[in-house]
Amino acid sequence: MSTETKKVAKVSEPLFSKKNRRLLSDPFNDNNPITVQVLGICSALAITVKVEPAIVMSLSVLFVLAMGNVVISLMRNIIPNRIRIIVQLVVVATLVIVVDQVLRAFAYDVSKQLSVFVGLIITNCIIMGRFEAFAMANKPWKAFLDGIGNAWGYAVILILVAVVREFLGTGGLMGIPIIPESWYIVNGGVYANNGFFLFPPMALIVVGVIIWIQRSKNRKLIED
Amino acid sequence: MKLVRNLLDSTKGLVEKDGKRNIFFPLWDALNTMAFVPGHTTHGGAHVRDAIDMKRTMVMVIFALIPALLFGAWNAGYQHYEVALGMESTLMDNFLYGMGKLLPLIIVTYAAGLAVEILFSWLRNHPVNEGFLVSGILIPLIMPMDIPLWMVAVSTIFAVLIGKEVFGGTGMNLLNPALTARAFAFFAYPQWISGDKVWVNTIAENGQGVVDGYSGATALGQLATTVGKGMNNPETQSVVNMFAADGQYSIANSFFGFIPGSIGETSALAILLGAAFLIYTGIGSWRIMVSMFLGGLSMGYIFNLFAVNEFMNVDPLHQLLIGGFMFGMVFMATDPVSAAQTNKGKWIYGFLCGFLGIMIRVFNPAYPEGIMLAILFMNVMAPLIDHYVVEGNIKKRLKRANA
């Protein structure tokens with residue numbers, strides 16, 4: 001029995017170690033922000049009528065979440081615990097204003113379509129959730145990966161829901177009609193668009209069905 | 001019967017667990033239990049069972065639906081030939097016309113619904129649920145007869161999948177599956193399920209076109225047009241005249257059912273015959289029917305007091321006889337699974353179904369079938385009502401015990 005204490009060597013972790021890769025891949029399935037953590041449902045219901053705004057929304061959230069996570073992570077040791085929510089809000093608000101102004105300058109039409117929802121990214125639960133749960137306790141690089149991962153997990157579901165809703169609700173994708181005009185009943189065909197998919201409740205049902213399918217494939221997620 | 005028994009017995013070996021055709025077991029089992037009372041014995045604690053099992057309960061509901069179904073089939077033909085086209089037609093012509101419209105609807109509904117049920121009985125390993133037996137006949141009775149059949153199929157699949165299987169199948173559903181199907185169709189394909197054109201077939205026949213001035217509007221559709229117009233407006237008055245004793249939608253016509261509407265809903269008389277049967281056999285809850293009737297009636301009187309348009313001014317009893325109120329009251333609100341379970345809860349549940357139904361119908365003429373929405377809403381609220389009734393009972397008893 002040696003009395004020597006083993007010196008713990010501080011090995012620097014490689015940038016894409018297994019752990020870090022999991023930060024990116026987990027939110028796609030096992031820890032998806034929408035279907036497993038059930039965060040960010042509000043925007044999933046509100047802006048998934050069409051695919052284009054859903055994509056823009058996803059990119060905006062990606063930017064805000066990744067940047068915000070890095071900023072919060074850098075400041076994590078100097079943020080007083082009592083006012084951390086306010087500090088987090090200031091960081092999100094700043095980033096959201098940047099996104100909003102960029103959208104207005106370069107993609108005015110989409111910005112008009114998204115209207116108030118860009119501003120409402122501030123209240124998107126995923127962002128505050130990740131700040132609180134991850135960025136406050138991890139280093140910037142990990143926080144950055146976590147932000148990217150969660151934003152992509154969010155984006156995948158958002159775009160999936162939007163594809164289903166736009167296709168079944170309007171018969172097209174990205175505003176381009178896919179189902180031929182002659183198929184419609186008014187033109188002598190048999191098909192009709194399903195107007196229910198344009199209402200928010202259907203987004204909830206589509207998200208619910210995605211959760212259902214995901215859980216029946218991924219047994220880990222079923223809690224007793 | 002012997003033939004059926006022999007057929008079932010001879011195919012039993014094929015479909016059993018190690019048989020060659022065991023994927024057909026759910027279908028075989030469904031046929032077997034439908035034709036014969038199964039020889040199951042109870043396991044677990046309670047051994048007391050009602051004399052009739054669930055499949056036979058469901059068959060009783062179908063018996064109760066027969067008067068409404070037969071009358072509705074005749075009325076579909078009557079509205080088409082005699083009212084819309086102004087032709088002479090016999091009772092048999094009318095009836096066959098309606099049956100011709102109704103049968104495809106029934107077949108499509110059963111095919112679509114049972115397909116989902118059988119799929120789930122494989123996936124989940126449970127027997128095919130009896131519940132769909134009734135839903136499959138209720139859905140055609142509350143759809144417009146000329147709705148494209150695939151829409152009925154899609155609505156049925158949605159109702160069975162999202163309304164029932166998601167929650168664990170028959171007995172677990174929050175919502176009434178038949179109403180879920182109709183609500184889905186209503187929001188998804190409004191053009192084919194609401195408005196003046198869908199309830200009566202007005203296609204010309206033998207060169208006979210639609211009678212001048214005829215509109216296929218339902219009583220509710222007509223009343224909705226009076227909203228927002230003055231009560232002395234001539235158009236409003238002409239609608240009011242239709243509801244007078246000699247008008248098209250007179251209280252007698254509404255009671256006997258000579259008005260346009262979906263196949264099952266028009267005749268209050270036929271529905272009440274079914275109601276009597278359901279109450280007599282103890283399958284439908286009379287508490288829900290009575291309280292829902294009272295709920296609708298009281299909302300009608302409240303509207304009468306504050307009437308600012310003719311829709312609010314309709315006689316409360318007349319108000320209940322038009323649209324889907326009666327049908328909803330007898331066959332939808334009393335669904336034993338989605339309604340409240342406690343006796344006190346049933347009174348509250350039924351009363352609010354009627355109260356809210358008339359309220360939605362009158363306040364928002366865009367949703368003439370407020371009854372449907374009200375019952376679905378109260379389906380969701382039913383567990384909450386039961387919870388408070390049970391809690392209240394516990395509290396009362398505790399108080400008595402501690403006193």
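**Exercise 1. State how chain B is divided into domains, and how far apart the domain centres lie.**

Step 1. Chain B splits into domain 1 (21–34 + 55–203 + 260–269) and domain 2 (219–259 + 284–393). These bounds come from an automatic or database domain assignment.

Step 2. The centres of the two domains of chain B, taken over C-alpha atoms, are separated by 22 Å.

Step 3. Know the ground rules. This is a predicted model: local features need pLDDT of at least 70, side-chain atom pairs count only at pLDDT 80 or more, and totals for chains, interfaces and linings use all residues. Residues are numbered from 1 along each chain as its sequence is written, while chains are lettered from A and ligands numbered from 1 in the order in which they are written.

**Exercise 2. Judge the confidence of the model and of chain B.**

Step 1. The model has an ipTM of 0.77 and a pTM of 0.83.

Step 2. Take pLDDT, the predictor's confidence in each residue, from 0 to 100. Its average over chain B is 82, and 88% of the residues score at least 70.

Step 3. Confidence is lowest in helix H2 (residues 25–35), with a mean of 71, and highest in H17(B), at 91.

**Exercise 3. Describe the contact between the domains of chain B.**

Step 1. Two residues are in contact if their C-beta atoms, placed from the backbone, lie within 7 Å. On that rule, 26 residues of domain 1 of chain B meet 24 residues of domain 2 of chain B.

Step 2. On the domain 1 side, at least two residues each come from helix H3 (54–84), helix H5 (132–142), H7 and helix H12 (268–281) of chain B. H7(B) gives the most, with five residues.

Step 3. Sort that side by type: 14 nonpolar, nine polar and three charged. Here Ala, Val, Leu, Ile, Met, Phe, Trp, Tyr, Cys and Pro count as nonpolar, Asp, Glu, Lys and Arg as charged, and the others, Gly among them, as polar.

**Exercise 4. Describe the side of chain B that touches chain A.**

Step 1. Nine residues from chain B and nine residues from chain A take part.

Step 2. In chain B, helix H6 (149–164) and helix H7 (177–188) are the elements that give two or more residues. H7(B) gives the most, with three residues.

Step 3. By type, the chain B side has nine nonpolar, no polar and no charged residues.

**Exercise 5. Is H7(B) mostly covered or uncovered?**

Step 1. A residue is buried if 20 or more other C-beta atoms lie within 10 Å of its own, exposed if 12 or fewer, and partly exposed in between; C-beta atoms are placed from the backbone.

Step 2. H7(B) is mostly covered, with eleven of its twelve residues buried. Among them are B:Leu179, B:Arg182 and B:Phe186.

Step 3. The cover includes H5, H6, helix H8 (190–193), helix H15 (325–332) and helix H17 (370–402) of chain B.

Definitions and conventions. Helix = DSSP H or I, 4+ residues; strand = E, 2+ residues; numbered from the N terminus.
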